Amino acid sequence: MGRSSRHRSPLAGAGETLASHPETSFAVATTGTTNLTAMVNCRDGRDLYRYLTGRVAGLPGVQSLESAPVIRTVKRAGTPLRRPAARP
């Protein structure tokens, strides 16, 4: 299925802008119930709330938004980072 248009989709612009945010570590276009998925890094819940309700919700092409905060990573691929030594 294809669609031809001379005008850029608001979704494409939203995806490019989202990917350019310093908070975004991963962004991808998807199919299904969502069109964009991203992983973002925020300092805390308040920072995440401000980011989502301000910068992301205001992007042209964004009609709805869902979030699933990750509080702690239990298992991941790659070499684990060493924890800093405890201070006396």
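A surface patch, as the term is used here, joins nonpolar side chains within 5 Å of one another, drawn from residues with over 30% relative accessible area and no salt bridge. In this predicted model, F26, V28 and M39 make such a nonpolar patch, of about 280 Å². The model also has a β hairpin formed by β1 and β2 and a largest nonpolar core of 7 residues.

**Hairpin**
- Strand β1 spans residues 24-29 and strand β2 spans residues 36-40; the two pair in the antiparallel sense over 5 bridges.
- A29 has L36 in β2 as its bridge partner.
- Between the two strands of the hairpin lie 6 residues, and G32 in the turn has a positive phi of about 105 degrees.

**Surface patch**
- V28, one of the patch residues, is found in strand β1.

- In soluble globular proteins, nonpolar side chains tend to be buried together.
- The largest nonpolar core here consists of A14, L18, L48, Y51, L52, V56 and L59.
- Two elements, α1 (10-20) and α2 (45-56), each give two or more residues to this core.
- Helix α2 supplies the largest share, with 4 residues.
- L48, a member of the core, is in contact with V40, C42 and P69 when its neighbours within four places in sequence are left aside.

Methods:
Residues are numbered from 1 along each chain as its sequence is written. This is a predicted model: local features need pLDDT of at least 70, side-chain atom pairs count only at pLDDT 80 or more; totals for chains, interfaces and linings use all residues. Side-chain values use heavy atoms; hydrogens and water are left out. Two strands pair if DSSP finds at least two bridges between them. Patches are made of residues with over 30% relative accessible area and no salt bridge: like charges are joined within 9 Å, nonpolar side chains (Val, Leu, Ile, Met, Phe, Trp, Tyr) within 5 Å. Accessible areas come from the Shrake-Rupley method with a 1.4 Å probe; for residues, only the protein chains shown count as cover. A salt bridge is a side-chain nitrogen of Lys or Arg within 4 Å of a carboxyl oxygen of Asp or Glu. A nonpolar core is a set of buried Ala, Val, Leu, Ile, Met, Phe, Trp, Tyr and Cys residues joined through side-chain atoms within 4.5 Å. Buried means under 20% relative accessible area, exposed over 50%, partly exposed in between (1.4 Å probe, protein chains only). Contact means heavy atoms within 4.5 Å.
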